[in-house]
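Welcome, and take a moment to turn the model around before reading on.

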Amino acid sequence: MQKGDSIGSTTVTLTRADLVRYAGASGDFNPIHWSESTARSVQLPGVIAHGMLTMGAAVQLVTDWCGDPGAVLDYQTRFSATVPVDEVAGATLEVSGKVAKIDDDAGTVRIDLTVTDPGHGDAKILTKAQAVVRLGH
């Protein structure tokens, strides 16, 4: 493994049903995640995905790569764009990851994720999306 190596890429599809399920699991029933009229009344482009759902869906690439969700020691990001979820078409995110830093002394690697929304001009959804993974798992 070397700095710059790809860990792969994936496509994540989100539907309105996914938003409902996530709301139930997380307890986040904010109507901007299910009500078109409420979302538009606060100047959103329509119903949007929960930020934490988007963040969690993106890090799945890392957990699939390392094979152990418990090996992810740290994960953080900044939200840079909303993810509109169309009632019929849903939303599609493209996620890719690269090795950004290897710390042999600590036994960790930092993976930088790129998360874009091809349905909205390849908008960058997350910035500084970084996961630190314990090696050897």
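In this report, a residue is buried when its relative accessible area is under 20%, exposed when that area is over 50%, and partly exposed in between, using a 1.4 Å probe and protein chains only. By that rule R16, at 17% relative accessibility, counts as buried.

A word on the source: this is a predicted model, in which local features need pLDDT of at least 70, side-chain atom pairs count only at pLDDT 80 or more, and totals for chains, interfaces and linings use all residues. Residues are numbered from 1 along each chain as its sequence is written, and side-chain values use heavy atoms, with hydrogens and water left out.

**The overall picture**

The protein chain has three helices and five strands. Helices (H or I, at least four residues) and strands (E, at least two) are DSSP runs, numbered from the N terminus. Starting from the N terminus, the order of elements is β-α-α-α-β-β-β-β. The C-alpha trace spans about 55 × 30 × 20 Å along its principal axes. Of the 137 residues, 37% count as buried. Among contacts (heavy atoms within 4.5 Å) with a separation of 6 or more, 66% are between residues 24 or more positions apart. The accessible surface, from the Shrake-Rupley method with a 1.4 Å probe and, for residues, only the protein chains shown as cover, comes to about 7400 Å², and 50% of it belongs to carbon and sulfur atoms.

**Helix α3**

Helix α3 covers residues 51-66, and its 16 residues should span 22 Å at 1.5 Å a residue; the end C-alpha atoms are 23 Å apart, which agrees. That expected span is 1.5 Å times one less than the number of residues. At V59 the helix bends by about 25°, the bend being the angle between axes fitted to the seven residues ending there and the seven starting there.

Which elements do the buried residues of α3 pack against? They pack against β1 (6-14), α1 (16-26), β2 (72-79), β3, β4 (108-117) and β5 (123-134). The buried residues of α3 include L53, M55, V59, L61 and C66. After the helix comes G67, with a positive phi near 80°.

**Salt bridges**

A salt bridge here is a side-chain nitrogen of Lys or Arg within 4 Å of a carboxyl oxygen of Asp or Glu. The structure holds four of them, including these:

| Pair | N to O distance |
|---|---|
| E36 and R16 | 2.6 Å |
| D18 and R21 | 2.7 Å |
| E36 and R40 | 3.0 Å |

E36 and R40 are four residues apart in helix α2, so about one helical turn separates them. R40 is partly exposed, with a relative accessible area of 47%. Salt bridges that share partners join R16, E36 and R40 into one network. E36 itself is partly exposed, at 28% relative accessible area.

D18 and R21 both lie in helix α1, three residues apart, about one turn of the helix. R21 is exposed, with a relative accessible area of 53%.

**A nonpolar patch**

Finally, look at the surface, where M1, W65 and I102 form a nonpolar patch with about 270 Å² of accessible area together. Patches are made of residues with over 30% relative accessible area and no salt bridge, with like charges joined within 9 Å and nonpolar side chains (Val, Leu, Ile, Met, Phe, Trp, Tyr) within 5 Å. I102 is found in strand β3, residues 91-103.
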